[in-house]
Each structure stands twice: as C-alpha cells, then as structure tokens.
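Biologist: Could you walk me through this one? I'm new to it.

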Amino acid sequence: MATVKRQPWVVGVSGASGTPYAASVIRALLAAGESVDLVVSRAARLTILDETGISFRDAHWRADLAAWLGSDEGLDDVRHWSAGDFAAGPSSGSYPAKGMLVVPATTGAVAGIALGLSKDLLQRVASVTLKERRPLVVCVRETPLNGVTLKHLVELDAQGAVVLPASPGFYAGGSTVRELVDFVAGRVLDAVGVPHSLYLRWEGELGAAARRDAGGAPAAAEGE
C-alpha cells in the first residue's frame, strides 16, 4: 500500500511588524488539518521578541512556537527549517510543498523575491515556489509604499504571486485587534483555498456583522 506523502504549506515569516498575522495563519492551517513547514528569518526573530516577548530559537523552536501560538496542539505536523539552511527540503523544487505564504512580508523580502536574490532560505523557497508554478502569497506589511516597492509588487504579480497587503476589512464586524488580525489571516488562506472560519463572510446583507452570539464572537458564515 502506497504511503501518503506529506505535502506542507511553507510559511515564511520575515521581519516586518505583524507577527500576529503569521501566528493566526499557522493556527488556522493546523486547525484545517494542513501540514506546515516554517521558516523564520533572522530579522523576524527580533520582531517576534519585540512584539511578544518570546525568543524564537532553532534549538528550542517547538517550545517557542507553542508559546507564540498559545498552544502546542497540532505541532506534530510542523517542521522547522533554519533561515540559513540552504540545504533544507523546501529549497528544492522536488520537495513536495503545496505552496508558500510569506506572512508578514517586509519590503526587503518583497524585493529579494521579485529579483530572485535568494539571500536566505525564505527568499530561496519563494523563488522555488514561483519557478515550480505553485501558489505564493506575499502579505506585505508596510505603509506608505514607495515607487520601487510598488514596482516589485507588480513584478511579483506578473510572476504569478498573490500580493495581499495586510489590510483588515471592517465589514466583518471586527472590533478587537484579534478579530482584525484573523480577517487578514483568513484572506491569506482564501487565496490558496484553505477552509477556515476566521471571519464573517460578506453575503450581500447590510448589517450582517451586527449578528453576534452572546459571547461576542462573529456569527459563523453559512456553510462553515
């Protein structure tokens, strides 16, 4: 009997502010039964420390990731690769990844991916994802954007990537930071067809976001 081969989504975390977006995406992927390969850039480790107080260390990545996500549930389906490991599995096109989500993406990461620089494993995996014609979502978190970065984003779009700015929508009724973060994470997952229930979907009815349960959470969208 053939063994089912593990096919993960690669989640690349670069050094932009917005590490809660990455945590929400990872939690939702695991909740959906997806496998995750994680690449955290060196700059992202500083941002995680600054935004959460958690040190993300290669030697203790599992415990640190559990602290970051707030749970160790599903971590058996996570594989971590050091940002400097160019011999890592996802650095090759033959590695059976489903695609890559760069959340959040710095303008430096955007430039490196658009130009094919491969200065670290995150950029290398993104380049591999593009050349293999796999889904690549780049969740850029920067404002304002200068002309050079805008050109790089247009180039990524031309190469087949989904450029997804970290722009929360308010029609889903988000009133807390967590809900607005989850909205962006949900849009990232929408872009690659991973099911989730992170936000209330628009169904053409004004005021639908006001429907809330007694606990204050958004009502579940139809079909979820």
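Biologist: How many cavities of 30 Å³ or more does a search of the whole structure find?

Modeller: The search finds 2 cavities of 30 Å³ or more, a cavity being a set of points on a 1 Å grid over the protein atoms alone where a 1.4 Å probe fits but cannot get out. This is a predicted model, in which local features need pLDDT of at least 70 and side-chain atom pairs count only at pLDDT 80 or more, while totals for chains, interfaces and linings use all residues. Residues are numbered from 1 along each chain as its sequence is written, and side-chain values use heavy atoms, with hydrogens and water left out.

Biologist: What volume does the largest cavity have?

Modeller: The largest cavity has a volume of about 60 Å³, counted as the space filled by probe spheres set on the points. Its lining has 11 residues, and the closest to its centre are Ala172, Gly174, Glu179, Phe183 and Tyr199; lining residues have an atom within 4 Å of a point.

Biologist: And which residues line the second largest cavity?

Modeller: That cavity, of about 40 Å³, is lined by residues including Val10, Pro90, Tyr95 and Arg134. Helix H5 (residues 121–131) gives the largest share of this lining, 3 residues, where helices are DSSP runs (H or I, at least four residues) numbered from the N terminus.

Biologist: Switching to helices, at what angle do the axes of H4 and H5 cross?

Modeller: The axes of H4 (residues 107–115) and H5 come within 9 Å and cross at roughly 45 degrees, axes being lines fitted to C-alpha atoms over the stretch in contact, with angles from 0 to 180 degrees between N-to-C directions.

Technical notes. On a 1 Å grid over the protein atoms alone, a cavity is a set of points where a 1.4 Å probe fits but cannot get out, and a pocket is an open set with protein on both sides within 12 Å along at least five of seven lines; lining residues have an atom within 4 Å of a point. Helices (H or I, at least four residues) and strands (E, at least two) are DSSP runs, numbered from the N terminus.
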